[in-house]
Amino acid sequence: MTSSSLQNLRVAIVGAGPAGIYAGNILTTSVTAAGGSVAIDLFESLPAPYGLIRYGVAPDHPRIKGIVNSLHEMLDAGTTRFIGNVEVGRDIALAELHERYDAVILATGAIRDAALDIPGIDLPGSFGAADFVAWFDGHPDVPTEWTLDQREVAVIGNGNVALDVARILAKHAVDLRSTEIPDNVLAGLEASAVTDVHVFGRRGPADIKFTPIELRELGEVPNVDIVVSDEDFAHLEGLTPANNQLKVMLRILESWRTRESTGASRRLHLHFYHSPVEVLGDGRVEGLRFERTEPVGDGRVRGTGEFREYPVQQVYRAVGYYGTPVVDAPFDEKAGVVSNIEGRVTDTSARSSLSASAASATGEGDALVIPGLYATGWIKRGPVGLIGHTKSDAMETIAHLVADVEAGRLTAPGVDGDVLDLLDEREVAYTTWDGWLALDAHERELGANHLHARERVKVVPRDEQVGISRGALVR
């Protein structure tokens, strides 16, 4: 079998979120700049592209969703072929991709909630934030109904996901009518009994993981009062903010300390220096128990031995995401990522006590690398960082892939023929880019004709998405 070359390179990317799309775009640019050519197939388990941009960003954030425009341009260029509604490990095996492509890049992201190991966390009424986000974003694989029949709810976490969850819980449904929120979600929020949303963080105001725009938007929600406690700001005296972002956010928080209550029908409480100890309840969530913390420097905190309890009837944990394993790909259970060294996937079964970083530094890690298998995005580095990190992350992975091709480390595909023929043979109802364009147009038409005029109304059921997309199928 001959080695792969930059001429007529064939690459499969698994995951059509920003990480996968950026990887394809950077790979195309890199290979063509070197005088080569590449054909890329982008596999996605959902019928539609864009991953967490479509199913992980709150519907009242159109500015963030504007990134879809650039992702659309990359896929619409025609250098990357979108193949949706195909799950690797179910519809096609990872080994079968290796047979058909010079290289495979895993870009599946992290869509599950990280665990919060405290007593009572599994009581009825306790939820992962990722599930709630998937619901209000119209993900096709979650139930269409969400019960919001309790008055007092808690969100545990101090990042942007926690703020998204808290804002959607506190916001009045009427203020979401102009967004692309699905009708079933709007109906669920219109029936909400929520009056008080409590957001708890282990650290103080100077260590929040929000972004200024997210925090500012929180204070602009109509008919919702923001409530903060003076005691949570005692440690800020004499503090010099580490950067301008933090300076802006602390100024926003300080302004809320003196803002008069308006008597709004809903309240959003921000609590700092609260470490969750236990979810309380007999048969279902009835409250939360916390230990107060205090700063010890460098962003770390310690328990004070003082405990407090709050009556709440629902709990949403937003303490981070956790990667989803790809069938037959090495997975680091502790870190929640595909095992890799700078994007080159490694064989954990062959790994000795030598750490990945040490192996890479000494050159002894080469034996661990699985030729032709790469990772990028959150499944590579964990669920941290913004879109800019995703781009630089993809550049690192693609640089290694190109170097491996040029060094002759990869093996050329052993199976010819279009992978779509295999999917047709298995009667897999895959979707295509033309199918997405049809679905996109359909959703926009639904929005234009809606009682509350919108840019789009999302189609939620998977079979309906597939039916609309397959109606435009072109081979």
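**A tour of the sheet around β4**

Select β4: Ala103 and Ile105 point to one side of this strand, Val104 and Leu106 point to the other, and all are buried (under 20% relative accessible area, where exposed is over 50% and partly exposed lies in between, with a 1.4 Å probe and protein chains only). This is a predicted model, in which local features need pLDDT of at least 70, side-chain atom pairs count only at pLDDT 80 or more, and totals for chains, interfaces and linings use all residues. Residues are numbered from 1 along each chain as its sequence is written, and side-chain values use heavy atoms, leaving out hydrogens and water.

Next, select β1 (residues 9-14), which runs parallel to β4 (residues 103-106) and is joined to it by 4 bridges. Strands are DSSP runs of E, at least two residues, and helices runs of H or I, at least four, numbered from the N terminus; two strands pair if DSSP finds at least two bridges between them. Val11 lies opposite Ala103, and Ala12 has Val104 as its bridge partner.

Turn to β20 (residues 369-375), which pairs with β4 in the parallel sense over 3 bridges. Here Leu373 stands opposite Val104.

Now display the whole open sheet: its 7 strands follow the order β3-β2-β1-β4-β20-β19-β18, with mixed pairing. β3 (80-83) and β18 (340-341) are at the edges with a single partner strand each, so one side of each has no neighbour in the sheet.
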